[in-house]
Amino acid sequence: MGDKKEPVTEESVLLELPVPYDGPVIPLLRALRSFIQKRETFIEQDEDYQMRILAFIHSVQVGAGKKSRSKGKKRSRLDTDGEDIEDEGAEGNTDGEIRTNLSHVVAEFLRLKFTRRVYVKTLLHLHDRILPKVNKPLMLADFLVSSFRMGGLISLLSLNGLFVLMQKHHLDFPQFYEHFYSLLTVNVLHAKYRARFFHLADTFMGSSHIPLYTVAAVAKRLSRLSLYAPAESLPLLLTFTMNLVLRHPGLLALLNRTTEDEDIAHDPYLIEESDMQKCRALDSSLWELKSHQSHHNPEVVKIAMMLSSELPTIEFDITEYLETSTEEMIEQCLAKPFPEAEKRLKRSDMASFLSRTPVLNELWTA
Amino acid sequence: MKTEKRRSVSDAKSKRFGSTAQVRTNPFELYLTKAKHNITGRTAGKSFDSGNSTVKLKKGNKKQGAKGQTAIQTHGLRSVSRNVAVTNRKKTLLNEYNSRTKNNRLIDHRLGEKDTTMSVEDKMMERMMFERKQSTKVKRRQFNLNDDDDEDGSFGRTMAEAERFEDQEMPETDDTDDILEEQFVSTHHFGGGLLKKVINDDNRDAQQNDVRADRKLQIEDIIAESKQKKYNKQNELDEVRDLTKSLDDKWKEARVRSLVSSAFGEAVNDPPVESYDNLVKMLQFDSKAKASDRLKSEAELAKDARDALELADKKRKMNRMDGNQDATASRGLEMLEPAFDEQEGDEDDDDEVELQDIDLADLQDDLVTVSKDADKKEKTADPSDIPFVIPAPAKRRELDVLFANRTPKEVHTIVSRIMSYHHVSLAEANREKLTTFYKFLLDFLLTKSDSEPVEALHLWNNLTFSLLELFDISQVKGATFTKERLQVLTRLVCRKTKYRIVPSAIYFLRFVTLCYPWSKEGHPVQEALMLLLGKILVNVDMSSRSSVLNALFVASLVTDGVLVTKKYCPELLFFLRKTLANRERQAASPDQSTSPALVSNSFSFQELFGCEGGEVKDKTLSRDDGQRVAHAGIALLEKVVSVYAELPAYTELFGDFDELIKKVKTGGASAAQAEAFGRLVALHRQPRKYLQFSKKPPAPLQLLEPRIDTKFDRSKSAKKTQVKRLLHDKKRSMKGAKRELRRDNHFISTVQLNEQLKKDAVRNKKVKEIFSNLYSQESEHKRLQRLKAKSKI
């Protein structure tokens with residue numbers, strides 16, 4: 001501890017300390033705080049230090065961690081890896097002290113400018129490794145809201161923490177759903193964090209107090225996105241949208257509009273309109289989802305086929321589809337028994353390497 | 001008594017009404033409970049046919065009267081039914097009652113006795129007539145010889161009848177046994193034989209028994225004789241019939257023959273037939289097929305090919321022996337001998353099969369040494385020195401040696417020689433050999449594809465047929481091999497966020513589409529391949545020129561599949577959209593406002609691997625190329641439009657693209673293409689409706705079929721129900737019988753009472769008479785006494 005007072009070696013000591021720190025926690029936290037205050041620019045330049053500090057913050061175990069954990073009803077099942085950290089270090093100190101100190105460190109830390117990698121990592125575990133441990137969780141609100149407004153992956157990741165704040169700590173965030181709606185782009189379907197996003201979206205849209213036009217807009221937007229969605233995301237997308245309809249029977253008109261029987265040339269839905277009230281999603285139909293009935297993958301077709309008949313009464317379990325990957329799907333396909341190979345009739349029945357198909361012939365020459 | 005009297009009065013009345021035919025049922029008397037069901041097997045009601053009542057009721061019940069039935073429905077008519085019952089009793093019970101003390105009964109058979117309409121005189125007349133008739137009948141029979149009733153004629157017919165048909169019946173019965181007949185008649189008929197014997201023998205009594213036995217014997221003889229005669233006659237008849245039949249047959253045959261011969265004779269005599277007819281006849285009798293050499297079976301062809309190879313090889317060796325040997329000629333054979341020690345070969349064997357096509361690193365060095373090795377041996381390869389008989393390589397390394405410094409054509413020759421020498425139909429073990437050969441060959445090609453992608457194209461072009469044939473031969477094992485490769489490639493593609501397509505992957509994917517053509521739908525490999533291609537299109541790295549072109553090639557593979565299978569592939573559209581959007585971004589940048597017209601729209605295959613015309617091109621996508629890529633992308637889209645015209649979301653999908661392409665257009669050619677695309681999209685746009693659930697078909701009518709119990713045991717349940725029914729019947733009939741008996745008793749007692757009353761009345765009358773007589777007697781007596789007394793005085 002004494003070593004840390006010396007500014008010259010401070011950095012090296014920080015890098016050498018074991019990450020689940022086995023000494024007394026409070027002095028460490030105090031030292032960290034002063035270190036961040038003092039060496040702000042230095043840390044901002046070096047990604048390693050940022051990661052290091054983040055690791056320390058993550059590893060601090062608050063005695064009442066269990067309490068906070070029990071308070072958090074919903075824990076994403078994706079984030080279970082931080083649980084086996086021992087809480088020996090916290091024995092000698094009172095909970096409150098650790099919490100206040102940690103809060104100070106976090107406050108200082110979040111004020112820094114991170115590299116993108118650290119930013120992502122911070123946001124990834126904010127809701128389960130930082131938020132339950134600080135004194136006043138609402139102090140993270142500023143950070144989260146600003147990240148949420150950044151757009152793209154960062155705002156996607158900030159959703160989780162924001163949601164916890166709104167749910168348990170009464171954070172008032174007007175126009176949350178508008179922002180959420182604006183997040184729905186093609187990138188969501190291709191992103192690495194698709195599972196996390198949809199898991200959260202499922203909880204957001206789970207409330208029955210959301211206005212119908214909001215749900216309709218989300219459903220229609222997702223359905224529009226599905227036109228370009230990779231096969232692996234389609235089962236999730238289809239079941240998620242169908243769940244929306246199941247939860248809000250008012251949306252049934254999107255799938256089964258019996259009142260009007262005329263041909264419709266243009267979709268009334270306006271995808272460019274950011275205001276969900278004005279985008280006329282409720283006047284539309286989910287043609288895009290129905291198009292997947294002729295998808296190339298039979299699994300997708302099977303789910304899409306359910307759109308044409310009366311929907312089931314029980315919601316789909318989307319967790320089943322959250323983490324479907326193309327690799328799995330291919331493995332599934334290849335695991336099927338191969339049909340008996342038919343014999344090719346003649347030599348002319350076999351194509352040469354670059355011929356016989358109209359597309360290849362036209363675009364490619366040998 | 002009172003009621004009985006009243007009824008008799010009513011009866012009398014009804015009788016009177018009946019005669020006037022004006023009777024109607026009294027509706028107030030009708031006492032009916034409506035019958036709800038017709039119960040089968042139940043009689044409609046009690047019926048009676050006593051003359052008077054019937055007449056009366058017939059008139060009342062017009063329906064029944066119309067039918068003319070005597071049975072009357074008395075149901076509901078109380079007085080009528082009672083009347084019926086009483087009448088019936090009068091007919092039966094009363095008779096019985098009246099004759100209860102009697103043992104016999106007189107039946108009157110006198111003519112007309114029962115007919116009430118006849119008068120006494122008529123009856124007498126009738127009887128007399130009958131008597132006379134009887135008497136005349138007897139007399140006439142006595143003297144009539146040819147009576148109608150005479151049945152002495154043959155076969156129970158009268159003689160007159162028999163006479164009429166005499167000629168037809170048995171025309172030749174009596175012609176042969178005339179004498180016997182005569183004799184027979186004279187001796188036996190009319191008791192002849194017996195009489196004769198009786199006359200001949202005087203001592204009649206003694207020989208009585210003998211004679212009887214004799215006669216019996218004689219009769220038996222006669223019977224036997226006649227039987228024999230009949231049998232003989234029948235035999236003769238049969239013979240005659242057979243003979244005539246055979247004659248008939250012969251005659252017919254002869255006739256047919258003569259007819260045929262005469263016909264032919266005439267034909268010969270006829271003038272010569274026209275050539276057309278002749279031709280037709282010739283055609284008619286022409287043989288339909290001629291014997292020819294059969295086609296050789298596959299096995300025989302294979303054997304021939306093998307023999308030819310062996311022969312050629314022998315010749316080649318002979319040439320060498322003759323002294324023509326030069327360095328090049330011997331090289332072919334030497335090359336076949338394994339140039340490596342076994343250990344080296346063994347250790348790579350397995351991993352090569354697994355991963356070599358993609359992970360080249362560990363093998364690259366080996367390959368280099370191999371090629372160097374081969375280089376040392378032969379500087380120049382000569383197509384003529386390829387040996388004819390080549391053993392299938394058992395090691396991957398041998399294959400490399402075999403193909404070292406060979407042109408693609410020569411490689412093809414080698415492969416086809418190996419294949420024909422190891423044809424499967426020659427030995428089943430060859431399948432195994434060829435399967436390993438297939439693996440090695442594919443592996444070789446894939447390795448080559450990565451190291452020298454452009455040269456590999458010629459190899460692939462030359463070897464595709466052979467490879468496909470080998471793929472077919474290797475059956476399941478080949479398929480699993482391909483499958484394993486596919487899995488490896490999948491892992492590589494899926495585990496990176498940006499996948500850079502390698503040439504071997506391009507070749508391999510194309511080869512898989514050849515192995516499993518899109519037209520054969522529903523194969524698991526196809527599904528997997530579509531997913532993989534889609535994933536590549538999504539994940540592909542588009543940073544360099546060649547990778548863009550590679551992706552475009554994959555996209556055209558997918559488009560091919562889409563055109564055939566007509567399936568929706570979002571990944572393809574995602575890729576095309578991304579490409580066009582990139583292009584739009586480029587076009588939007590200020591420095592590239594105009595660009596020259598395109599030189600050519602298609603890409604050469606060499607471009608895929610970053611070199612064109614021998615020289616390696618720059619890595620970034622040039623402006624010109626960008627336009628070409630966009631052009632190609634639009635071309636792919638155009639192909640897809642017609643396939644996806646049926647999609648419900650067609651408008652959204654291609655409307656987007658239409659706008660995008662309009663933004664992309666920069667050069668003159670692109671603008672025209674954008675316009676064409678817009679027109680195409682508009683052309684395929686179809687009217688569509690809001691989504692609705694598909695209507696359920698109406699529930700089919702429930703057809704209720706009787707449930708037939710196949711194992712029904714009739715005996716048990718039938719017995720039970722029968723016993724029940726019998727018990728019920730018994731109870732009911734017991735009740736009915738009791739009731740009838742009660743009524744009978746009542747009837748009898750009324751009858752008895754009536755009798756008693758009548759008797760009493762008679763007695764009273766008699767008593768009164770007696771008393772009146774006595775009174776008058778008494779009065780007379782008193783009057784006499786008074787007179788006496790007066791006179792005395």
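Helices here are DSSP runs of at least four residues, numbered from the N terminus. One of them, helix H27 of chain B, spans residues 714-792 and holds Ile770(B). Welcome to this predicted model, in which 79 residues of chain B are in contact with 74 residues of chain A.

**Where the two chains meet**

- Chain B and chain A together bury about 7100 Å², and carbon and sulfur atoms account for 63% of that area.
- Of the area that chain B buries against chain A, 14% comes from Tyr690(B), Leu691(B) and Phe693(B), more than from any other three residues.
- The size of an interface is often expressed as the accessible area lost when the parts come together.
- Three salt bridges are found across the interface of chain B and chain A.
- Glu327(A) and Arg495(B) form a salt bridge, with 2.8 Å between their closest N and O atoms.

**Nonpolar cores**

- The largest nonpolar core has 229 residues, and the members that touch the most others are Phe109(A), Phe198(A), Tyr644(B) and Phe654(B).
- Helix H19 of chain B, residues 453-494, gives the most to this core, namely 16 residues.
- Beyond its neighbours within four places in sequence, Phe654(B) is in contact with Leu637(B), Val640(B), Val641(B), Tyr644(B), Phe677(B) and Val681(B).
- Another core lies apart from the largest one; it has seven residues, including Val86(B), Leu93(B), Leu94(B) and Phe747(B).

**A look at chain A**

- Chain A contains 22 helices and two strands.
- Of its 366 residues, 53% are buried.
- Among contacts in chain A with a separation of 6 or more, 75% join residues 24 or more positions apart.
- The accessible surface of chain A is about 17300 Å², with 51% of it on carbon and sulfur atoms.
- Helix H8 of chain A (residues 116-124) has these buried residues: Val118(A), Tyr119(A), Val120(A), Thr122(A), Leu123(A) and Leu124(A).
- The cover over the buried residues of H8(A) includes helices H5 (47-59), H7 (95-111) and H14 (194-204) of chain A.

- Ile770(B), Phe771(B), Leu774(B) and Tyr775(B) make a nonpolar surface patch of about 430 Å².
- Ile770(B) counts as partly exposed because its relative accessibility is 48%.

**Salt bridges**

- Over all chains, the structure holds 33 salt bridges.
- Asp238(B) pairs with Arg241(B) in a salt bridge whose closest N and O atoms are 3.8 Å apart.
- Both Asp238(B) and Arg241(B) sit in helix H10 of chain B (residues 208-269), three residues apart, which is about one turn of the helix.
- An α-helix has 3.6 residues a turn, so residues three or four places apart point the same way.
- Asp238(B) is partly exposed at 26% relative accessibility, while Arg241(B) is exposed at 54%.
- Lys448(B) and Glu452(B) form a salt bridge with closest N and O atoms 3.4 Å apart; Lys448(B) is partly exposed at 24%, and Glu452(B) is partly exposed at 32%.
- Arg688(B) forms a salt bridge with Glu652(B), their closest N and O atoms being 2.6 Å apart.
- That pair links distant parts of the chain, 36 residues apart: Arg688(B) lies in strand E4 (residues 688-689) and Glu652(B) in helix H25 (residues 650-664), both of chain B.
- Arg688(B) and Glu652(B) are both buried.
- Lys220(A), Arg224(A), Asp267(A) and Glu288(A) are joined into one network by salt bridges that share partners.

Key. Residues are numbered from 1 along each chain as its sequence is written. Chains are lettered from A and ligands numbered from 1 in the order in which they are written. This is a predicted model: local features need pLDDT of at least 70, side-chain atom pairs count only at pLDDT 80 or more; totals for chains, interfaces and linings use all residues. Side-chain values use heavy atoms; hydrogens and water are left out. A nonpolar core is a set of buried Ala, Val, Leu, Ile, Met, Phe, Trp, Tyr and Cys residues joined through side-chain atoms within 4.5 Å. Buried means under 20% relative accessible area, exposed over 50%, partly exposed in between (1.4 Å probe, protein chains only). Contact means heavy atoms within 4.5 Å. Patches are made of residues with over 30% relative accessible area and no salt bridge: like charges are joined within 9 Å, nonpolar side chains (Val, Leu, Ile, Met, Phe, Trp, Tyr) within 5 Å. Accessible areas come from the Shrake-Rupley method with a 1.4 Å probe; for residues, only the protein chains shown count as cover. A salt bridge is a side-chain nitrogen of Lys or Arg within 4 Å of a carboxyl oxygen of Asp or Glu. Buried area is the accessible area (1.4 Å probe) that two parts lose on being put together, summed over both.
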